[in-house]
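Please look over the sequence and the model first, then read on.

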Amino acid sequence: MAELIKIYEENPNPKEIARVVDVLKKGGLIIYPTDTVYGLGCDITNNSALEKIAKIKGVKLEKANFSFICEDLSNLSEYAKQIDNSTFKLLKRNLPGPYTFILPGSNNLPTVFKKKKTVGIRVPDNKICQAIVNKLGNPIVSTSIKDDDEVIEYTTDPELIAEKWDKLVDIVVDGGYGDNVASTVIDLTEGEPEVIREGKGDLAL
């Protein structure tokens, strides 16, 4: 049974954040708010949790295109290859924000992602999300929770999300109504930025 925990974005309660992080460290799955749609996430260092998410999404883990949710750009050198100055400036201008940037993956990627040549990096502009990643001490691996109803696409009400995902996750963080527009995805692997998916945000190039 998923536990619904209310956390206010203006002032995330450290005790509640610690409860969420405790579940992540034990290999649990959480659904949590970002600056776009609600996300399904787990601790990047926990292989069994990563396997669970891949199974839910119906994909092979090593082929899954999950995003790495980081608190800021300090994790970049860990997961992405050396990037040039103009790319770094582009990231700095737009993050935190509703964007997923695809970068060439480094050799330090978690073992299960070793074969992947690219990595999707997200730094959401959401205090709850940032507090969770900060307390955890490393990124969350994340994927957005799509709705079966193509008309709705993304469920925005945390209580409805908790009902639907009750048996699949451990915690649903209620951070208020979510957005129903996903992040804009930008590929930076070929030098020139290429928008792969139009989503939320107005990219400053």
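## Cysteines

Cys-70 is buried, with a relative accessible area of 2%. The model is a predicted one. Cys-129 is buried as well, at a relative accessible area of 1%.

How many disulfides does the structure hold? The count is zero. A disulfide is a covalent bond between the sulfur atoms of two cysteines. For a pair to count here, the two sulfur atoms must lie within 2.5 Å. The cysteine sulfur closest to that of Cys-70 belongs to Cys-129, and because the distance is 9.9 Å, it is too far for a bond.

## Strand β7 and its partners

Strand β7 covers residues 140–144, and four of its five residues are buried. Strand β3 (residues 39–43) runs antiparallel to β7, and five bridges join the two. Within this pairing, Leu-40 stands opposite Thr-143 of β7.

Strand β4 (residues 67–69) also pairs with β7 in the antiparallel sense, over three bridges. Here Ile-69 has Ile-140 of β7 as its bridge partner.

## Helix α2 against the strands

Helix α2 spans residues 47–57, and its buried residues are Ala-49, Leu-50, Ile-53 and Ala-54. These cover an arc of only 140° around the axis, so they are on the same side of α2. What do the buried residues of α2 pack against? They pack against β3 and β7.

After α2 comes Gly-58, which has a positive phi near 70°.

Is strand β9 (residues 184–187) covered on one face or on both? Both faces are covered: on one side Thr-184 and Ile-186 are buried, and on the other Val-185 and Asp-187 are buried.

Strand β5 (residues 99–104) runs parallel to β9, with four bridges between them. In that pair, Tyr-99 has Thr-184 as its bridge partner. Strand β10 (residues 194–197) runs antiparallel to β9 and is joined to β9 by three bridges.

## Gly-120 in strand β6

Gly-120 belongs to strand β6, which runs over residues 118–122. Gly-120 is buried, with a relative accessible area of 10%. Which residues is Gly-120 in contact with, leaving aside its neighbours within four places in sequence? They are Phe-66, Ser-67, Phe-68, Thr-100, Phe-101 and Ile-102.

Val-141 is 21 residues from Gly-120 in sequence, and the C-alpha atoms of the two are 9.8 Å apart in space.

## Salt bridges

The structure holds six salt bridges. In one of them, the side chains of Lys-6 and Asp-174 meet at 3.4 Å, N to O. Because Lys-6 lies in strand β1 (residues 3–6) and Asp-174 in strand β8 (residues 171–174), this pair ties together parts that are 168 residues apart in sequence. Asp-174 is buried, with a relative accessible area of 11%, whereas Lys-6 counts as partly exposed at 37% relative accessibility.

Arg-19 and Glu-16 form a salt bridge in which the closest N and O atoms are 2.6 Å apart. Both residues lie in helix α1 (residues 14–25), and because they are three residues apart there, about one helical turn separates them. Arg-19 is partly exposed, its relative accessible area being 36%. A further salt bridge is formed by Asp-35 and Arg-122, with 3.0 Å between the closest N and O atoms. This pair links distant parts of the chain, since Asp-35 is in the loop between β2 (30–32) and β3, Arg-122 is in strand β6, and the two are 87 residues apart. Asp-35 and Arg-122 are both buried. Elsewhere, salt bridges that share partners join Glu-3, Glu-16 and Arg-19 into one network.

Conventions:
Residues are numbered from 1 along each chain as its sequence is written. This is a predicted model: local features need pLDDT of at least 70, side-chain atom pairs count only at pLDDT 80 or more; totals for chains, interfaces and linings use all residues. Side-chain values use heavy atoms; hydrogens and water are left out. Buried means under 20% relative accessible area, exposed over 50%, partly exposed in between (1.4 Å probe, protein chains only). Two strands pair if DSSP finds at least two bridges between them. Contact means heavy atoms within 4.5 Å. The arc is that of the directions from the helix axis to the C-beta atoms. A salt bridge is a side-chain nitrogen of Lys or Arg within 4 Å of a carboxyl oxygen of Asp or Glu.
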